[in-house]
Amino acid sequence: MDLYTDEFFMKEALKEAQKALAKDEIPIGAIIVSKNQIIARGHNLTETLNDVTAHAEMQAITSAANAIGGKYLTDCALYVTLEPCLMCAGALYWSQISKIVYGASDKKRGFTTTNSTVLHPKTEILKGIMEDECSNILVVFFKKKR
């Protein structure tokens, strides 16, 4: 049995979402994996940094590039609790990331709503991993806000 499953890594992304939640940020978490090793972690920091670009994926991309000493993430996988937005998808395109795994779909702002090719043609996409858990943390957060 393989210890390093998509669910294993999505649980790590959910830990990052919990960190965002603890800061009263929208609870989205991301990790980047290379050769079954987590090389980067990130969570939403848009309120903390007062920066609309401080999404979990952007934090993780920057951290991963620093970890490997280069801008291309060709042998890496991103695990993120919510479908990336168009901005993050664009950054992921430029990073040439090999694989994107996301939990919950974002029917309003997710990159798949654009009906355009925004990711690198070689990027593999896997969706719906631990979808309920990834969705529930967001639902609970927004219920408390309203």
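Predicted model: local features only at pLDDT ≥ 70, side-chain atom pairs only at ≥ 80, totals over all residues.

Residues are numbered from 1 along each chain as its sequence is written, and side-chain values use heavy atoms, with hydrogens and water left out.

- Helices (H or I, at least four residues) and strands (E, at least two) are DSSP runs, numbered from the N terminus.
- Strand β3 covers residues 76–82, and seven of its seven residues are buried (under 20% relative accessible area, with exposed over 50% and partly exposed in between, using a 1.4 Å probe and protein chains only). So β3 is largely enclosed by the rest of the structure.
- On one side of the pairing list is strand β1 (residues 29–34), which runs antiparallel to β3 over five bridges; strands count as paired if DSSP finds at least two bridges between them. Here I31 sits opposite Y79 of β3.
- Strand β4 (residues 99–104) also pairs with β3, in the parallel sense and over five bridges. In this pairing L82 stands opposite A104 of β4.

- Look for H43 in strand β2 (residues 37–43). H43 has a relative accessible area of 10%, so it counts as buried.
- The H43 side chain makes a polar contact of 2.9 Å with the side chain of E16, and another of 2.9 Å with that of K23. A polar contact is a pair of N or O atoms within 3.5 Å; within protein, one must be able to donate a hydrogen and the other to accept it, and residues adjacent in sequence count only if both atoms are side-chain atoms.
- Setting aside residues up to four places away in sequence, H43 touches (heavy atoms within 4.5 Å) several others, including K19, I28, A54 and Q59.

**T123 in its loop**

- T123 belongs to the loop between β4 and β5 (124–127). T123 is buried as well, at 11% relative accessible area.
- A polar atom of the T123 side chain lies 2.7 Å from the backbone oxygen of I97.

**The cysteines**

- How many disulfides does the structure hold? Zero, with a disulfide being a pair of cysteine sulfur atoms within 2.5 Å.
- For C85, the nearest cysteine sulfur is that of C88, 3.8 Å away. That gap is too far for a bond.
- C85 is buried at 15% relative accessibility, and C88 is buried at 0%.

**Aromatic rings**

- The count comes to seven aromatic pairs, meaning rings of Phe, Tyr and Trp (its six-membered ring) with centres within 6.5 Å; planes under 30 degrees apart are stacked, over 60 edge-to-face and the rest tilted.
- F8 and F9 have ring centres 5.1 Å apart and planes at 80°, so they are edge-to-face. F8 is partly exposed at 27%, while F9 is buried at 2%.
- Y102 and F111 are another edge-to-face pair, 6.3 Å centre to centre with 80° between the planes. Both Y102 and F111 are buried.
- Y4, F8, F9 and Y79 form one aromatic cluster.
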